[in-house]
Amino acid sequence: MIKTGKDVIRDKLSQYVAGLKQEFSKGMILPKKDEMKPDNINNLTSGFNKKIDMAPINSKPKQTGLKIEISTINITQKFQCKAQEFYDAMTRIEMVTAFTRGPVKIDPVKGGKFELFRGNIIGSFVELVQGQKIVQKWRYKQWPEGHYSTVTINIHEKNDHTEVQLIQTGVPKNEVDVTKQNWDRYYWDSMKATFGFGAFFTSIN
């Protein structure tokens, strides 16, 4: 029986993840020099419509006495992987480290905290359902102090792909467009490139 393209990708992914776990346990995962391009995470656009340096931020978040106008983001994406594989990519430290291309802190349990992109994205896990759902309190560090959005990620496995529906409520209204762009660029596109989740093949019988 000839393996389908999907089977080949899945085999390669399993080998890759196993390698990541081994390297991570040895503290060997570091971004490659040629991966550090000018438009990588160092140029992540902030929600205040300006470019920022993704170095650790030591200053306090901006404070405001004004009421924050908020909006909701809805995103649907298709991934060439199983639902559990996508869930793992969002919660397993070695896989999150791989697609964010930098050190992360993540404790994937209810109430556990996470810190990504050199501390610029922070939050905590509200609900976790293996292979099905992830709910987070999520904020960009330069948002007004104490303001968190709620991210709900529903994961649906189909016959030949996995569909992911993201709903993010409580996003400052003037930051909706750039937040959507950052989900696409620094999460979805990076995950697809890193793990092959964007590769679709026609089955061979």
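Strands β6 and β7 run antiparallel and are joined by eight bridges, where strands are DSSP runs of E of at least two residues and helices are DSSP runs of H or I of at least four, both numbered from the N terminus. Two strands are taken to pair if DSSP finds at least two bridges between them. The two strands form a hairpin with four residues between them, and E157 stands opposite T162 in β7. The model is a predicted one, in which local features need pLDDT of at least 70 and side-chain atom pairs count only at pLDDT 80 or more, while totals for chains, interfaces and linings use all residues. Residues are numbered from 1 along each chain as its sequence is written, and side-chain values use heavy atoms, with hydrogens and water left out.

Strand β7 (residues 162–172) is also joined to strand β1 (residues 70–79), by nine bridges in an antiparallel arrangement. In this pair, K78 stands opposite E163 of β7. Eight of the 11 residues of β7 are buried, so the strand is largely enclosed by the rest of the structure; buried means under 20% relative accessible area, exposed over 50%, and partly exposed in between, with a 1.4 Å probe and protein chains only.

Strand β6 (residues 149–157) pairs with β5 in the antiparallel sense over six bridges. The bridge partner of I134 in β6 is I153. Strand β5 (residues 133–140) has six of its eight residues buried and is therefore largely enclosed by the rest of the structure. An antiparallel pairing over eight bridges links β5 to strand β4 (residues 121–129), with G123 opposite W138 of β5. The hairpin of β4 and β5 has three residues between the strands, and G131 in this hairpin takes a positive phi near 70°.

I121 is found in strand β4 and counts as buried because its relative accessibility is 4%. The C-alpha atoms of I121 and W138 are separated by 7.2 Å, with the two residues 17 apart along the chain. Leaving aside residues up to four places away in sequence, I121 touches F114, E115, L116, W138, R139, Y140 and Y187, a contact being defined as heavy atoms within 4.5 Å.

Y187 is one of the buried residues of helix α4. Helix α4 (residues 176–195) has 20 residues and reaches 27 Å from its first C-alpha to its last, close to the 28 Å expected at 1.5 Å a residue; the expected span is 1.5 Å times one less than the number of residues. The helix bends by about 30° at D189, the bend being the angle between axes fitted to the seven residues ending there and the seven starting there. Just after α4, G196 takes a positive phi of about 75°.

Overall, the protein has four helices and seven strands, and from the N terminus on its elements run α-β-α-α-β-β-β-β-β-β-α. Of its 205 residues, 45% are buried. Among contacts with a separation of 6 or more, 59% are between residues 24 or more positions apart. The accessible surface comes to about 11400 Å², and 51% of this belongs to carbon and sulfur atoms; accessible areas come from the Shrake-Rupley method with a 1.4 Å probe, and for residues only the protein chains shown count as cover.
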